[in-house]
Structures are given as structure tokens and as C-alpha cells.
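Look at the structure first, then read on.

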Amino acid sequence: MPAELACIEERCRARFPITEVLYSCPHCGGLLEAVYPRPERPAAEWKALWRERRTSNAALDQSGVWRYREFLGFLDDYARVVSLREGNTPLLDGPLAAEYAGLDRITFKHQGFNPTGSFKDNGMTCGVAQALRLGMTRVACVSTGNTSASMAAYASAAGLKPIIFLPAGNIAFGKLAQALDYGALTLQVDANFDQILAMVRQVAERAGIYLLNSINPFRIEGQKTIMVELMDQRDWTPPDWVVLPGGNLGNASAFGKALREMRQWGLIDRLPRLAVVQAEGSAPFYELMHSSDRSRLNPVTRPETLATAIRIGDPVSWPKAMHEVECSRGVVEKVSEAEIADAKAVIGRCGIGCEPASAATLAGARKLVAAGVIRRDEDVVAVLTGNLLKDQDYIYRYHTGKLQGPSGPEIPGRFRNEPLFVPYLLEAIISKIKT
Ligand code: F0G
């Protein structure tokens with residue numbers, strides 16, 4: 001039995017050929033996922049094969065996504081796969097961050113080390129591979145930055161035309177610069193992320209363009225490898241918790257699917273609990289998971305947060321993410337702008353750094369420890385989703401005491417580190433260094 005697309009809705013579970021251009025179920029409108037036959041080889045053989053590939057010079061083996069290709073077996077031919085050597089991201093210890101959160105230890109899986117600076121690369125190499133297989137010539141996405149940079153790079157590398165839609169005025173400048181340099185047709189639209197995504201879904205259908213937002217099930221397949229690589233790096237010992245930021249909830253869906261499938265394959269013996277963290281002003285998933293009625297998500301019509309990557313009020317993947325949080329006995333937390341900003345500065349002081357959305361993880365872990373949900377001695381991995389060099393203006397403002405929350409109030413900045421100005425005088429410079 002080959003790989004197929006399956007509707008995730010229990011009452012439907014319709015199946016479709018893997019080569020159909022579909023983003024949601026034509027019968028019931030549910031989300032789709034890639035499903036595979038059960039593998040026959042024992043877990044130890046997969047582990048050995050994947051470990052051995054780390055010494056190979058073949059492009060596919062050097063990719064931290066395609067090295068695990070049997071775990072995302074939707075392709076039958078790898079000849080046209082384009083890899084920029086995505087994945088291969090480090091696990092980093094942050095002792096200062098652990099102390100800040102009230103934990104004995106925290107480890108960061110830093111997806112910001114990817115070729116275009118975020119976890120999107122893990123998913124995009126797969127989405128673009130599927131676009132090529134389907135014979136598509138143009139690909140599109142809406143983005144607040146990282147998706148656009150990633151899609152532009154992978155599409156151009158594969159000879160496809162990237163078309164990106166951005167909420168006007170709400171994109172990090174460095175990300176826009178990447179998209180332009182990678183040759184994307186760039187359209188800035190005067191609407192928010194959720195509104196543009198709804199329209200781009202129609203544009204994609206009408207114009208025959210392949211959509212590469214995380215509603216695309218092949219993006220999710222690629223993002224599964226973040227968890228596979230994590231387990232491989234930990235010699236297949238699962239942590240107690242995996243903490244991640246939640247925006248459109250693609251990662252929550254991908255991580256949960258990966259962990260469940262790893263357990264089915266016998267690669268791990270238990271599931272870590274997922275802790276999804278949202279920003280207070282854009283927390284529809286938090287509200288859903290804390291309400292008595294989980295049948296419907298109430299979108300936030302005007303989502304607000306300075307963490308632009310998670311400024312999403314109507315996350316498309318919520319049904320998948322809800323299933324994964326429930327399966328893993330997970331939790332959903334929300335954090336304030338000041339909590340995100342301070343946590344980000346603490347991650348910076350560990351010599352690690354990340355973008356604001358990623359720092360929601362540490363802020364969330366701290367809150368969950370304080371609430372007694374995460375115990376001090378538990379083994380916690382936080383996934384930093386993006387590179388420090390996004391949102392530079394945010395960083396400068398924080399450290400100079402000029403950062404303001406979306407609704408106005410100034411963020412005090414407990415870990416402020418202001419650049420100093422000194423006259424061109426030896427004594428003055430020496431006296432500044434002494435203080
Ligand atoms: N972290 C970063 C750095 C992101 O760029 C995003 C999403 C998220 C977290 C949220 O992840 O959707 O899987 O819950 N960025 C999108 C973009 C919006 O356009 O780049 P999710």
C-alpha cells in the first residue's frame with residue numbers, strides 16, 4: 001500500500017491518492033495528513049541506518065530532513081529533491097535560562113540555525129519536493145517573514161516561481177530582504193495574516209498555484225524531522241516536556257504526529273508532553289483548550305503581539321494540534337509581551353539568542369514551573385523556532401528601554417543592556433569599562 005492522504009476527522013477518514021492537489025478534505029472540509037503503511041524493519045535498524053548516514057557526503061544524507069526519509073515516505077523518487085542542508089540544528093544547554101525558569105536544566109533545540117534562519121526550512125524542502133512531483137511551476141504562501149524567506153529560497157533553488165503575500169507593514173525587514181534576494185514576487189497586502197491566507201487559498205485554486213503554508217500536509221511531514229533529529233541527538237531518550245510556540249499550529253501538529261509515529265515504529269518508548277505557548281494577544285488556542293467546549297475555535301479577529309511570527313488569530317491547524325496536545329497529555333499556556341521580551345533577553349545572555357516568538361517557550365516554561373505543572377527536576381526541551389537576527393528593531397528598543405507593547409504600555413526590560421556613548425578620550429573610555 002503506497003502513502004496516501006487521509007482526512008483527520010474521525011467521522012470521515014476519507015483517503016486520497018498522494019498525488020492529488022488537495023489541502024483539505026473534499027468531502028467534509030477536514031484537514032489532511034499523509035499516512036503510510038507500517039514499516040517492517042525493527043527500530044534498531046532504522047536508528048543504525050540514520051546514524052550511519054551522518055558520515056555520508058550525499059546531499060540527501062547530509063540533510064537533517066531527508067536523512068530520515070523513510071519516516072516521511074511520501075515520495076517514490078528522490079532525484080529532484082532540493083536540499084539546502086536544512087535541519088542539523090544543535091541542542092544547546094542554557095543554564096542561565098534554566099535558573100530563570102526555575103528548572104534544574106533546560107535544553108534548546110535551535111531551529112534558527114537553518115539555512116534561511118527558521119524551522120520553516122524543514123517543512124519547505126518537502127513542500128517544494130511535492131510541488132515538483134506534481135508538476136507545479138508556481139508556489140505561494142502568506143507570511144509574516146520566515147515562511148516567505150524559506151519558500152523563496154527553496155522554490156528558487158528548485159526552479160519554481162515563488163509568490164509571497166505579506167501583511168503590509170507587519171514583516172521583519174531582514175526577512176523581506178531575504179525574499180527579495182531569493183527572487184520572490186512579493187505582494188504586500190493591506191490585511192492581516194488570517195485574512196490574506198483565506199484569500200490566497202482561493203487564489204491558489206483559481207490560478208493553479210501550489211500553496212505552501214502549513215495547511216499543506218507535506219510541510220508538516222518535513223517538520224516532523226525536528227522531533228526525529230531531537231530524539232536521534234538524545235540517543236532516543238525522550239524528554240519529559242517539549243515546549244514550543246503556537247501560531248498557526250503547524251509545529252504542534254507536526255511534533256505530535258512525529259512523536260506518535262516514533263512510538264508506533266518502536267523508536268521511542270513513551271511520549272513527551274507538549275507545552276504549546278501563545279502570546280496573550282493572540283491566544284485563541286489557549287482559550288479553546290481552557291474552555292468546556294472544544295468543538296470550535298473562536299478566532300481572535302484582531303490578533304496583537306510584537307512576536308509577529310505568532311500573531312495569528314485563526315490558526316488553521318487547530319484540530320490537529322488539539323489532538324496532539326490531548327494525546328501527549330500536553331498543556332497550552334499564554335504569556336505577556338513583557339514575559340516574552342525578558343525571556344528573549346535571558347536566552348540572549350546564554351549566548352544563544354532567538355526571535356521573540358521563540359522566546360515564548362522560556363516564558364511559558366517559567367510560568368508552568370511556577371504553577372507546579374512542570375517540576376523543577378523534569379527534563380525540558382524548548383524549541384527555538386527562529387534566528388535572533390529577525391526583528392532587530394525589537395531588540396534595540398528592548399535594550400534601550402523604548403519597547404512598547406502593541407496596545408501602548410512600555411515594556412520595562414528587566415535585562416536591559418544599553419549601548420553607551422563615550423567621548424574619544426582614553427581616560428573616559430577606561431573609566432567606562434571599569435564601571
Ligand atoms: N516561530 C516562528 C519563528 C515562526 O516563524 C512561526 C510562524 C511560528 C513560531 C509559529 O509556528 O504556525 O507552526 O505554530 N511563522 C509564520 C510565518 C506565520 O509567516 O513565517 P506555527
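Which residues line the second largest cavity? They are Gly256, Leu259, Arg260, Leu271, Pro272, Glu324, Cys327 and Ser328. A cavity is a set of points, on a 1 Å grid over the protein atoms alone, where a 1.4 Å probe fits but cannot get out; lining residues have an atom within 4 Å of a point. This is a predicted model: local features need pLDDT of at least 70, side-chain atom pairs count only at pLDDT 80 or more, and totals for chains, interfaces and linings use all residues. Residues are numbered from 1 along each chain as its sequence is written, and side-chain values use heavy atoms, without hydrogens and water.

**Second largest cavity**
- Its space is about 40 Å³.
- Helix 9 gives the most to its lining, with three residues.
- Helix 11 (318-327) also supplies at least two.

**Largest cavity**
- The ligand takes up the space of the largest cavity (more than half of its atoms lie within 2 Å of the grid points).
- The volume of this cavity is about 340 Å³.
- Among its 29 lining residues, Phe119, Lys120, Asn248, Ala309 and Ile312 are the closest to its centre.

**Ligand**
- A polar side-chain atom of lysine 120 lies 3.0 Å from a ligand nitrogen atom.
- Asparagine 248 has a backbone N or O atom 2.7 Å from an oxygen atom of the ligand.
- For glycine 250, a backbone N or O atom lies 3.1 Å from a ligand oxygen atom.
- The protein buries 99% of the 490 Å² that the ligand exposes when taken alone (Shrake-Rupley method, 1.4 Å probe).

Conventions: A polar contact is a pair of N or O atoms within 3.5 Å; within protein, one must be able to donate a hydrogen and the other to accept it, and residues adjacent in sequence count only if both atoms are side-chain atoms. On a 1 Å grid over the protein atoms alone, a cavity is a set of points where a 1.4 Å probe fits but cannot get out, and a pocket is an open set with protein on both sides within 12 Å along at least five of seven lines; lining residues have an atom within 4 Å of a point. Grid points are joined across faces, edges and corners, and a volume is the space filled by probe spheres set on the points. Helices (H or I, at least four residues) and strands (E, at least two) are DSSP runs, numbered from the N terminus.
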